[in-house]
Amino acid sequence: MLLNQFLGLAAILFCIGVYGVLTRRNGVMVLMSIELILNAVNINLVAFGAYQGDVGGQVFALFVIAVAAAEVGVGLAIVLLIYRNRRSIDVSEADLLQG
Amino acid sequence: MTEFFNDWGITALVFLPLVGALLMMLVPAKDEELHKTIALGTTVITGVLGGFMLWDFWGMGKANWSTLQYVQDRTWIDVINARYFVGIDGISAPLIALTLLVVPLVLIYSWNHIPNPGNAKMFLILILVLHTGMLGSFVAQDLVLFFVFFEVVLLPMYFMIGVWGGEQRLYAAIKFFLFTLFGSALMLVSFLALYWVTGGTTFSIPGLADQVAAGDIALGTQVAIFGGMFLGFGIKVPMFPFHTWLPDAHTQAPTQGSVILAAVLLKLGTYGFVRIAIPILPEAAVEWAPWIGLLAVIGIIYGALGCLAQTDMKRLIAFSSVAHMGYVMLGIATLTPFGINAAIFGMVAHGLITGMLFFIAGSVKDRFHTLEIKRLGGLLVQAPKMGWILGFCTMASLGLPGLAGFWGEFPAILAAYSPAEGISTTLFRVYMVIAALGTVLAAGYLLWLLQRTAFGTPSEEFADDPEIVDMHASEWIAWLPLLVLIVFFGFLPGIIFDLTDGTVVDRLGSLVAEGSP
Amino acid sequence: MVATLLGILAQIEQAPFVRPAIDWHAVAPELVLLAGGALVTVFDLIFMERGRKYIPTLTGLTFLAALVPVLTLWDNGIARSLFDGAYITDRYALVLKALFLLSGYVIVLMSTNYMAEGDYYDSEYYQLISASILGMLVMASSRDLIGIFVALELISIPAYLMAAWRKRDLKSNEAGLKYMLMGVFASAIMLYGMSLLYGLTGDTKLRSISSAIADQGTTPIITMAIIFVIIGFGFKVSAVPFHTWAPDTYEGAPTPLTAFLAVASKAAGFVALMNVVLYAFEFQPEIAEPFIWLLSAATMTVGNLIAIRQTNVVRLLAYSGVAQAGYMLAPLAVYEVNGIEASASAVVTYLVIYAAMNLGAFAVIMAAARRTRSGEIDSYRGMLNWAPGLTVLMTIFLFSLAGIPPFGGWFAKFEVFRVLLTGNTFSGVSLAVIAAVNSVVAAFYYLNIMKNMWFMDAPEGTDQSKLKIPSPLVAALAITLIVTLVTGTVLAGPLRNATDFLAF
């Protein structure tokens, strides 16, 4: 069973995602990076589930996919809202509030 | 009646003022007369109820005074064994009586002396809340309950100084608050520490005293815990060197605040020593006694010298408080029944006399709009009655035999001649001499105050001021009881000594058994 | 791979799906709330504009109705377990459900006038609040990673939307964006930790995870899993260094929602954290405790130090809320010596009292903002004159937050200190000392607000007439005031008894 390869892939995806969140300034790109992390999670869950012979992992992954869709939907709505008001989706420009 | 006292008496006594305050919150602020009536009415009812209870207590006879009476011991916070445990005994009775007397008098005085910026409603509500806090502290027999009431007192006083105070009120209020908060934080820590070292079964004061006596807690631990309490209570007293908040608070507070502060609040600190610190940790008290005595005599001398340097009448009285509380602390530091009885008498006497002095200072300020000693003078000419009352109070304050002040100071000094077993007699005899010297200084600054304010001719700027009139009716009503009591206790000090003696002997427990009879 | 999958499928075929027995009474609060939320939606669709003004009342009644089964369950007194222990309704869960429902009710009261006067979509707002509270109810009972994750998202997603509710206000947009990005990122990290936990144990139920990793000690992978999960919740409870979103979001979001985030949502985060730490990491204190110790110490210290510099009341409360989260984390840093019950009780006691006093403070801010139109502390000058009642209330709430008797806050802090000091361990005592110093620092900035309200005169030209407060806000103030007062005095004992989870 090629568990380690799956885990390695997931870990790489996770790191790329975290890097993206921390460095990208574009709201949509940040959301995409978060999607990468969530996909890393899904790969982990499915791989572990298969390895352990347990359906729990797959079920969990399904929940993650569904909830992530809702999350990204709401996220894009908010980014769009900002774009409408400001004509930009650069997160670093959102700096009215500081402290 | 007795049944009511036993079941509800103390609860009713403590929370009646709070009920009055709640009632006042429902009345619109512009109806000031009604507010004053409710406030005064509540405190008078409380006073009458308390009077009946104390009369009943008196009637039980000497043998019963040392046991807690009207005890209520109910579940409160189960999990930490904190209980609603209240009661009255010989130590608390005189102080409760003092509180019950002073607060209505302050309210009578407030009838036409609401300080700027007005808002009688809030002012009177704060006094009532203060009343509940003070009474609660004196009846609480559980450390957590005591702590809660002890803190309740803090808030109204903070606002009284901060809102109705003088020009430096912000500074004084915050200083007062932070000093006392710091002290009570340490006090709470030592209460908790005490709770754990005794096995975590009770917060009740008698219970803890028994457990400490029965257990074998290392002396070092006891001394450390006593240290925490010492800071908490010592700041409240206030003892040198923690006294710096007091002159500021007193000078800036409105008259009513000063009177309550001097008459009752300062006693919470000394009461804490007598009620909590010493009975629970007698062995640690012996270790600490020389230091307490030292700070007490430093306070006496420092307070007296401070008085001589003051130019403001209220500040001078505040420093004299530091000196007088020094005598009280010296009496406590001897750890003998004699000394502690004297200390309790000293608390009552100081409450009556210094409260009175602050009343006079307030009235002088009302008329002259200043308390600078060098601008005052000739009070006897312009307001002769008030001038004579001032003279009378300074005499009482300097400890003239035949007035209450004498019985607070003289026995305390005498007690230092032979402190309890285990304390250096030589050291305390030195303290005794210094304290005696302090009385001379006290006579000095008080007569000096009297001479410069009451005697002589009025200064030119106030010579024909029409605002300067003699006593108002409200002043007479508020002051007379205090004046009468100063004389009364001067002639019959035995009443308070009888009341406290049995209890003090009982609470000192091992200290008395080991020491002189 | 294919073979394994086929194996699983074969397994599933062999054991036909059997519907698990459902204890309807145990899930009644959730069902009532769900039905109520649906009712509100339908009501809005039928009556449209005409029904608008009844929506808040209806939502509030829904919350109160959901409280009824909570009380019957409490009275019933049996811990109920559903889905093989993945969903448990015990006293611990019930206290929290009651807390969430009551906080929700108070927040609806606070929102009523704000939303009606502000030209916002109001019925959707109440539907979202109901959804979020529903998530909290589920969270209180979840003892399973999937349940916790779904509940957390059910709480958060509506909150992202509500934070950006003032559509045309850039500040509000920004609040929503920051909260959303941080929140989603945090849940992603938490999920990664959860996936590792699942991989280690092959189970998603907390109890099973706990026993499966009990004897595995502290392998790097366990450490990583635990730390990722705690970081994820650290964002939710605004623990330093994951707190950066909180002040910005609090200031920009509509004030009732700020109260919601600062109280209900934070409480839900704590519940999740407690469930995971106390159930799943019960035997790994050597990893979880030092990490939480650090979070707690940093959170209270940094929160207080930044709070001192704030000039805006809402931001000040936000940072003070960060500091308060530090106190609440503290009992979780010493769960090994005290046992998990003691730590959980202290946290829940704190949560209840904190909810009352903080919601109260926010209600005062909202009432005052009707006059000042600003959250600057300066604008509170002379409040004693134009709103004496509010001044006294604010004073009580702030003193309570500062932990001064006789208001509830002192008892909350007392419980934390008691738990910290009980075991007499170095970590406990040192954290208690840090907390004590912090309480004094905190008293300083609370006093500063009071100084402005009581001691300073209002600037020239301020409207000095008495402030009128709408009745829903008065009701919110009354509820929070009563709770703040009684929890510090007469009901301190009963409250502590209710949170005594010996049957944890």
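B:Leu335 counts as buried, with 26 C-beta neighbours inside 10 Å. In this predicted model, B:Leu335 also has a positive phi of about 60° although it is not a glycine. The residue sits in the loop that runs between helix 14 (313–333) and helix 15 (337–368) of chain B. B:His369 is another non-glycine residue with a positive phi, near 55°. Its place is the loop between helix 15 and helix 16 (379–382) of chain B. B:His369 counts as exposed, because 11 C-beta neighbours lie inside 10 Å, and the limit for an exposed residue is 12 or fewer.

| Bond | Omega |
|---|---|
| B:Val237 to B:Pro238 | about -5° |
| C:Pro405 to C:Pro406 | about 5° |

B:Pro238 belongs to the loop between helix 10 (219–236) and helix 11 (245–252) of chain B. C:Pro406 is placed in the loop between helix 17 and helix 18 of chain C.

Helix 17 of chain C consists of 15 residues. From its first C-alpha to its last, helix 17 of chain C reaches 21 Å, close to the 21 Å expected at 1.5 Å a residue. Of the 15 residues in helix 17 of chain C, 14 are buried, and the helix is mostly covered. C:Gly403, with a positive phi near 85°, follows helix 17 of chain C.

One packing partner of helix 17 of chain C is helix 15 (residues 340–372) of chain C; the two pack at an angle of about 150°, with their axes 9 Å apart. The angle makes helix 15 of chain C roughly antiparallel to helix 17 of chain C, because angles over 145 degrees are classed that way. The crossing of helix 15 of chain C past helix 17 of chain C is left-handed. On the side of helix 15 of chain C, the contact is made by C:Met357, C:Gly360, C:Ala361, C:Val364, C:Ala367 and C:Ala368. Helix 17 of chain C contributes C:Leu390, C:Leu393, C:Met394, C:Phe397, C:Leu398, C:Ser400 and C:Leu401. By class, the residues of this contact comprise 11 nonpolar, 2 polar and no charged.

The contact between them takes 42 residues from chain C and 38 residues from chain A. On the side of chain C that touches chain A, two or more residues each come from helix 1 (2–14), helix 6 (145–163), helix 7 (170–201) and helix 10 (245–252) of chain C. Helix 7 of chain C provides the largest share of that side, 18 residues. The side of chain C that touches chain A has 24 nonpolar, 9 polar and 9 charged residues.

The contact of chain C with chain B takes 20 residues from chain C and 23 residues from chain B. Helix 17 (388–402), helix 18 (409–422), helix 19 (426–455) and helix 21 (492–498) of chain C each supply at least two residues of the side that touches chain B. Helix 19 of chain C gives the most to this side, with 7 residues. The side of chain C that touches chain B divides into 14 nonpolar, 2 polar and 4 charged residues.

Chain A and chain B are joined by no contact, and their closest C-alpha atoms lie 27 Å apart. Chain A contains 3 helices and 0 strands. Of the 99 residues in chain A, 39% are buried. Among contacts in chain A between residues at least 6 apart in sequence, 48% join residues at least 24 apart.

Note on methods. Residues are numbered from 1 along each chain as its sequence is written. Chains are lettered from A and ligands numbered from 1 in the order in which they are written. This is a predicted model: local features need pLDDT of at least 70, side-chain atom pairs count only at pLDDT 80 or more; totals for chains, interfaces and linings use all residues. Two residues are in contact if their C-beta atoms, placed from the backbone, lie within 7 Å. Helices (H or I, at least four residues) and strands (E, at least two) are DSSP runs, numbered from the N terminus. Ala, Val, Leu, Ile, Met, Phe, Trp, Tyr, Cys and Pro count as nonpolar, Asp, Glu, Lys and Arg as charged, and the others, Gly among them, as polar. The expected span of a helix is 1.5 Å times one less than its number of residues. A residue is buried if 20 or more other C-beta atoms lie within 10 Å of its own, exposed if 12 or fewer, and partly exposed in between; C-beta atoms are placed from the backbone. Axes are lines fitted to C-alpha atoms, for helices over the stretch in contact, and angles run from 0 to 180 degrees between N-to-C directions. Angles under 35 degrees count as roughly parallel, over 145 as roughly antiparallel, 65 to 115 as roughly perpendicular and the rest as oblique. A crossing is left-handed if the near helix is turned anticlockwise from the far one by less than a right angle, and right-handed if clockwise.
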